[in-house]
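I am opening my notebook on this structure today.

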Amino acid sequence: MKTKPISKKIWKTVRQSLIIIFLAAAVGLLTNQGRSDRLPLVAGGSPEARLTTDTGDSMIVSLDEARRLCLDDEAVFLDARSPEAYARGHIRCAQNIPWQSFDAWLDRVWGVIPEDARIVTYCDGEECSLSADLARELISLGYQDVRVLVNGWTRWKEAGFPTDGVRHALSDKERTS
């Protein structure tokens, strides 16, 4: 009985693995092309690329538009940061709905904020995703007009717009007692 050299077996295995990987990638790309809500092939890292709705609309609100909405009382502002960060300072017209414990705070949203209300969420930092996560959850609950003020707290504060300190802050401990 004649045996194949080990190098031929390795090359055969590598070749078969590459064929399987190529076929899997081809099936994945074709499946993605057939979807109505295609996933982008190259994900963008910019806020504009990350913050779009399923229909392709931008979820971002400009600082000037946010200021107008706050001062004219035309939107509900939700601070997605922790209660401690909120207590240290927040946009004057904002309520605290910390994304990381959203379920515990759901009663401050559901049934309180009308579904047709304009909502602006924010957190702090260019890379902060709390406000975007909160906005997407609100959209999944049926809210239609939800926008994100990217790096909202820092930009708002630096612009010298109205802020507040401890007015609406409640810690989780106070809230449950």
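Which residue forms a salt bridge with Arg-68, with the closest N and O atoms 2.9 Å apart? I looked it up, and the partner is Glu-74. I count a salt bridge when a side-chain nitrogen of Lys or Arg lies within 4 Å of a carboxyl oxygen of Asp or Glu.

**Ground rules.** I am working with a predicted model, in which local features need pLDDT of at least 70 and side-chain atom pairs count only at pLDDT 80 or more, while totals for chains, interfaces and linings use all residues. Residues are numbered from 1 along each chain as its sequence is written, and side-chain values use heavy atoms, with hydrogens and water left out.

**Entry 1: the pairs around Arg-68.** I found six salt bridges in the structure. One of them joins the side chains of Glu-65 and Arg-68, at 2.7 Å from N to O. Both residues sit in helix α3, three residues apart, or about one turn of the helix. My helices (H or I, at least four residues) and strands (E, at least two) are DSSP runs, numbered from the N terminus.

Next I checked accessibility, taking buried as under 20% relative accessible area, exposed as over 50%, and partly exposed as in between (1.4 Å probe, protein chains only). Glu-65 is partly exposed at 29%, and Arg-68 is partly exposed at 31%. Glu-74 has a relative accessibility of 38%, so I noted this residue as partly exposed too. Through salt bridges that share partners, Glu-65, Arg-68, Asp-72 and Glu-74 join into one network.

**Entry 2: a buried pair.** I then turned to Asp-79, which forms a salt bridge with Arg-81, the closest N and O atoms being 2.7 Å apart. Are these two residues buried or exposed? Both Asp-79 and Arg-81 are buried.

Entry 3: Most residues other than glycine have a negative phi. Asp-73 is in the loop between α3 (63–71) and β1 (76–79). With a relative accessible area of 66%, Asp-73 is exposed.

Where is Asn-151 found? I traced Asn-151 to the loop between β5 (145–149) and α7 (152–158). Phi of Asn-151 is also positive, near 55°.
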